[in-house]
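Welcome, and thanks for taking a look.

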Amino acid sequence: MSVTTNKKRRLITSALPYANGHIHLGHIAGAYLPADIYVRYLRSVGENVVWVCGSDEHGAAITLRAKKDKTTPQEIVDKYHVEMQEAFSGLDISFDHYSRTSSARHHKVAQDFFLKLLENGSFEVKTEEQYYDTEEDQFLADRYITGTCPKCEAENAYGDQCEKCGSTLSPTELINPKSTLSGSEPVLKPTTLWYLPMGRHEDWLKDYIEKGELDGAQHHDAKAWKSHVIGQCKSWIDGGLQSRAMTRDLKWGVPVPVEGAEGKVLYVWLDAPIGYITSTMEWAEKNGEDWRDWWQNPDTELLHFIGKDNIVFHCIIFPILLKEHGDYILPHQVPANEFMNLEGDKISTSRNWAVWVKEYCGENPDGSDVMRYVLASIMPEQRDSEFTWTDFRDRVNNELADVLGNFVNRVLVLTRKYYEGVVPNAPSDDALSKVDKKVLASLTEAPGKIADLIERHRYREAQLEAMNVARLGNKYLTEEEPWKLMKTDPARVETIMQIASQVVGNLGVLLEPFLPRTAEKISKAMGIAEKKWTDASTGIVAGGTKLGELPILFAKIDDEFLEEQVAKLGNNSSNTNPNIMPQKDPTTFDNFTQMDLRVATVTECVPVKKADKLLQLTLDTGLDVRTVVSGIAEHFKPEDVIGRRVVLLANLEPRKIRGVESQGMVLMATNADGGLRFITPEEGVNPGDVIS
Ligand SMILES: [Zn+2]
């Protein structure tokens, strides 16, 4: 059994959600449910663990939102600080402490941190020209400036990015720039900024991320980190780390604690991760602990649960800040998840293409466990995944109701019928059949197996193993058919029902990290008071135990529910996309068969020099290994592409692009908004397989 009980401290953080919108399922599947499963398990084995989070309440988007809603930033963050907590508690996300970054306490903590870095010479001070709105009398953050995109000529591109073509921009590149605050044309004006010269840190960061080494000693097991996390960090470092401004000219945020820096605040990605520290301080104060034990003692393991869009901040920028400060430990593990899509499209707040947690929980007060179950089943641990309501229905009906619910219910009903609800005594060893012994052996193995998967952050498989215990019990009961033996062999029925009760009892413990409410109901019915992981055993339910009441665990989902949920998606009720590309002119079958379409795997991917839009892919086609140049660099980073299986037009005439010979074309799906997606063959389709 790999259950750890070394009493080391583990400090868990989940990404601070941004307080300008509601929590949706994608957030939960990314940074909160995996942490909740992990922490519930650690608590159950008696580990010394603390899990902190809080609202991220600074940054330009909140001021912008306040302007739009004709209110103050404070009112915006006050509203979402409360609503986000309601959403989390609706899905039983069990933080030990939930804080907020607009508190006076946090401002002080962040400012002290900044001053220590200043004292340590961690910054470079630079004066540069930035856009300034003379009517509003303030400098403009990138998001406050819009204009025409210099690349695709789309109107309303932002100062940092064009959403139409995906190009990364700087505000001075925009044609006809406009302030979104006043609508006026901004002017360039010099301002002073404190930069973090990240290039200085490349060497030790490389050792830290690629080898898990810090200051010449082993810090963590680098092999335990997810490959996409390491891949993304490597590509950042290999690309050369640029200096990044740690201050902004804004009114809303943590003021820069330096004389003459009025009107400047700390960069939100400097202040937000320090929010983890403030949150821990508040927790420690409430619980009579010393927060320094959790942040400054090398016996503590620090784990950040985040989505993949935050990897650079948690694996590169925050570690630099912590190391520059000097008193802090560095992250031990950053089990970042990829993204979860929804019904065939990316989750999008602005298009209302999302399932809002507060709304779901409001309409389904008992819906927490089923949603947690489905999200854990499709958690985007290694690659992007997709939530659909049809899949939700199937998993709830076929797995939770038909297997788990049915099995537990049958054991209770039969025990009531045969023994007035009292669990029979354990049989002697010589009364056990081969099948009985196998079931008991599986019960003995299950806790260690599930624990090992959870420790490795493989929550999908861990939940599957826990559900396999229910599958095992269901199969046992169905095949042993105690109801047929009651008249002829009542002693045998006692044995079967005793063992079946043990299976149910174990579920009350092993399901707790995944389905806390269900586990609670089962434990109560089976007379299990404490649900410690180590209590899971073949004797968890004593003979003579009087079973309690058990409500129906899972109601089946009907099609009407399904239709209602799907109809909520999107901004219009019909859900049809008016911009679907029209069909092209007819072609012949012969034209089609001339094309050699094949499945290939991307084995390498690098940017093409001096070409912003191009990536150079190395493909294993089954036939050979070849190079293809693809114009997707504005949509994908190389590390997002490596390892993918793609569809290749293999017999397209070779063509030189920017000096590289491209031998074929990777096919992509384009949506009406110009978004590009790979066409991914299903499992079992291999390189070289021909598409016809
Ligand atoms: Zn553009």
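## Cysteines

A disulfide is a pair of cysteine sulfur atoms within 2.5 Å. Searching the whole structure turns up 0 disulfides.

This is a predicted model, where local features need pLDDT of at least 70, side-chain atom pairs count only at pLDDT 80 or more, and totals for chains, interfaces and linings use all residues. Residues are numbered from 1 along each chain as its sequence is written, and side-chain values use heavy atoms, with hydrogens and water left out.

Buried means under 20% relative accessible area, exposed over 50%, and partly exposed in between (1.4 Å probe, protein chains only). Cys-165 is buried at 13% relative accessibility, while Cys-152 is partly exposed at 32%.

## Two surface patches

Like charges are joined within 9 Å, and nonpolar side chains (Val, Leu, Ile, Met, Phe, Trp, Tyr) within 5 Å.

Glu-564 belongs to helix H18 (residues 559-567) and is partly exposed, at 44% relative accessible area.

Phe-589, Phe-592 and Met-595 make a nonpolar surface patch of about 310 Å². Phe-589 sits in helix H19 (residues 589-593) and is exposed, at 61%.

## A loop lysine

Lys-613 is found in the loop between strand E18 (597-607) and strand E19 (615-620), and is partly exposed at 43% relative accessibility. Helices (H or I, at least four residues) and strands (E, at least two) are DSSP runs, numbered from the N terminus.

The C-alpha atoms of Lys-613 and Gly-631 are 5.2 Å apart, with 18 residues separating the two along the chain.

Conventions:
Patch = residues over 30% accessible without salt bridge, like charges linked within 9 Å, V, L, I, M, F, W, Y side chains within 5 Å. Areas by Shrake-Rupley, 256 points an atom, 1.4 Å probe, with all protein chains shown as cover. Salt bridge = Lys/Arg side-chain N within 4 Å of Asp/Glu carboxyl O.
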